[in-house]
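Me: I am new to reading protein models. Could you go through one with me, feature by feature?

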Amino acid sequence: MRGRDNSIPGFFVFEGICKSTTFAIQNNNIKIIKAIKQMSENKRGYLSTGNQKKVTTHRLREMKQQGEKISMLTAYDYSMALAIDQAGMDVILVGDSASNVMAGNSTTLPMTVDQMIYHGKSVMNGVKRAMVVIDMPFGSYQGNPYDAVANAVKIMKETQADCLKLEGGKEILESVGALLNAGIPVMGHLGLMPQSINKYGTYAVRAEEKEEAEKLMEDARLLQEAGCCSIVLEKIPAALAGKVTAELTIPIIGIGAGPHVDGQVLVMHDMLGLNKGFSPRFLRRYANLFDEITSAVQQYIHDVKSSDFPSAEESY
Ligand code: KIV
């Protein structure tokens with residue numbers, strides 16, 4: 001359900017579609033004005049926004065040291081980022097999974113730097129507290145460190161995000177080092193790396209065999225030595241993820257990597273049940289928004305067809 005506030009022309013307000021979740025944004029003027037205020041305050045400061053402390057790379061390290069688990073979720077647009085940030089998320093990932101869940105592509109490969117910037121900017125407009133990480137898309141950093149820095153600087157300048165995530169270990173170490181030398185925080189991503197799906201030919205669990213597990217461990221060490229602030233481990237055995245987490249001092253965030261890690265990340269559409277066709281073992285669904293949307297839309301269609309909507313109270 002969407003509404004237009006006439007006092008702010010062109011500004012669309014998302015009203016939560018699932019009454020049972022804490023992600024609902026209520027459609028009243030005070031909330032809208034607060035949201036806009038937050039949006040503009042956001043642009044002023046980097047590490048501190050009003051009374052709220054921004055989650056930084058330093059804070060993530062502190063959380064690992066204190067044994068506090070890190071929560072991370074993807075977002076791709078302003079309205080959802082606003083709700084997720086207000087719910088208290090530590091890290092928001094503008095994932096290139098936008099290719100799958102926003103654009104309907106079967107892989108993440110088609111995403112471009114400009115498309116990631118569009119999603120990144122939209123998310124940054126809604127976020128006050130969470131650390132925002134943006135995926136560098138396929139082809140934007142694997143070629144050489146010069147192109148990697150040019151693309152990374154463009155993403156950082158145009159979005160004002162906090163960190164960039166790159167998939168790979170030893171093979172992309174030069175690009176990782178170049179970004180870090182330019183002062184750009186880097187989050188690594190090992191295990192199942194969706195940008196390499198055509199090389200694997202399958203989305204099956206990675207690093208089950210000794211050789212691949214040893215390479216993953218070595219890659220994680222190299223990324224830490226290079227200066228990465230954190231690493232995402234995707235779809236690998238829980239025991240291996242636990243071993244990496246215990247050995248490394250930087251925070252390890254898992255997705256399908258079991259419980260022995262420093263934090264968890266999920267794709268927002270999957271955990272909210274917007275993406276019904278995707279049900280891997282590691283996914284826990286916290287809502288069933290696809291069905292909620294369908295029944296809300298059906299109700300609206302019914303109300304229009306039966307002339308129940310708009311009522312006298314909803315007319316001028
Ligand atoms: O693009 C993405 O959403 C990701 C997560 C799966 C970690 O990289």
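Me: At what angle do the axes of helix 6 and helix 7 cross?

Reply: A word on the model before that. This is a predicted model, in which local features need pLDDT of at least 70 and side-chain atom pairs count only at pLDDT 80 or more, while totals for chains, interfaces and linings use all residues. Residues are numbered from 1 along each chain as its sequence is written.
Now the general idea: two packed helices are described by the angle between their axes and the distance between the axes. Axes are lines fitted to C-alpha atoms, for helices over the stretch in contact, and angles run from 0 to 180 degrees between N-to-C directions. Helices (H or I, at least four residues) and strands (E, at least two) are DSSP runs, numbered from the N terminus. Here, helix 6 (residues 145–159) and helix 7 (residues 173–181) have axes that come within 8 Å and cross at roughly 45 degrees.

Me: Which word describes how helix 6 and helix 7 lie to each other?

Reply: Angles under 35 degrees count as roughly parallel, over 145 as roughly antiparallel, 65 to 115 as roughly perpendicular and the rest as oblique. Helix 6 and helix 7 are therefore oblique to each other. Handedness comes next: a crossing is left-handed if the near helix is turned anticlockwise from the far one by less than a right angle, and right-handed if clockwise. Helix 6 passes helix 7 in a right-handed crossing.

Me: Which residues of helix 6 and helix 7 meet?

Reply: Two residues are in contact if their C-beta atoms, placed from the backbone, lie within 7 Å. On the helix 6 side you find Pro145, Ala148, Val149 and Ala152, and they meet Glu174, Ser175, Ala178 and Leu179 in helix 7. Six residues of this contact are nonpolar, one is polar and one is charged. For these classes, Ala, Val, Leu, Ile, Met, Phe, Trp, Tyr, Cys and Pro count as nonpolar, Asp, Glu, Lys and Arg as charged, and the others, Gly among them, as polar.

Me: How do helix 7 and helix 9 pack?

Reply: Helix 9 covers residues 210–226, and helix 7 packs with it at an angle of about 25 degrees, the axes being 10 Å apart. That makes helix 7 roughly parallel to helix 9. Their crossing is right-handed. Leu173, Val176, Gly177 and Leu180 in helix 7 meet Leu222, Leu223 and Ala226 in helix 9, and this contact has six nonpolar, one polar and no charged residues.

Me: Is Gly120 buried or exposed?

Reply: You count neighbours. A residue is buried if 20 or more other C-beta atoms lie within 10 Å of its own, exposed if 12 or fewer, and partly exposed in between, with C-beta atoms placed from the backbone. Gly120, found in helix 5 (residues 113–124), counts as buried because it has 24 C-beta neighbours inside 10 Å. Leaving aside neighbours within four places in sequence, Gly120 is in contact with Val94, Ile134, Ile155, Thr159 and Ala161. In the protein chain, 40% of the 316 residues count as buried.

Me: Where is Ala213, and is Ala213 buried or partly exposed?

Reply: Ala213 sits in helix 9. With 18 C-beta neighbours inside 10 Å, Ala213 counts as partly exposed. Ala213 touches Ala207 and Leu240, not counting residues up to four places away in sequence. Ala213 and Leu240 are 27 residues apart along the chain, and their C-alpha atoms are separated by 7.2 Å.

Me: Which residue other than glycine has a phi near 50 degrees?

Reply: That is Lys235, whose phi is positive. Lys235 is in the loop between strand 10 (230–234) and helix 10 (238–247), and Lys235 is buried, with 21 other C-beta atoms within 10 Å. Ser307 also has a positive phi, near 60 degrees. Ser307 lies in the segment after helix 12 and is exposed, with 8 other C-beta atoms within 10 Å.

Me: What kind of peptide bond joins Phe309 and Pro310?

Reply: A cis peptide bond, with omega about -5 degrees. Pro310 lies in the segment after helix 12 (289–305).

Me: Which residues surround the ligand?

Reply: A residue is near a molecule if its C-beta atom, placed from the backbone, lies within 6 Å of it. The ligand is surrounded by Thr74, Leu93, Gly95, Asp96, Ser97, Asp135, Val232, Glu234, Ile255, Val265 and Val267. By class, this shell has five nonpolar, three polar and three charged residues.
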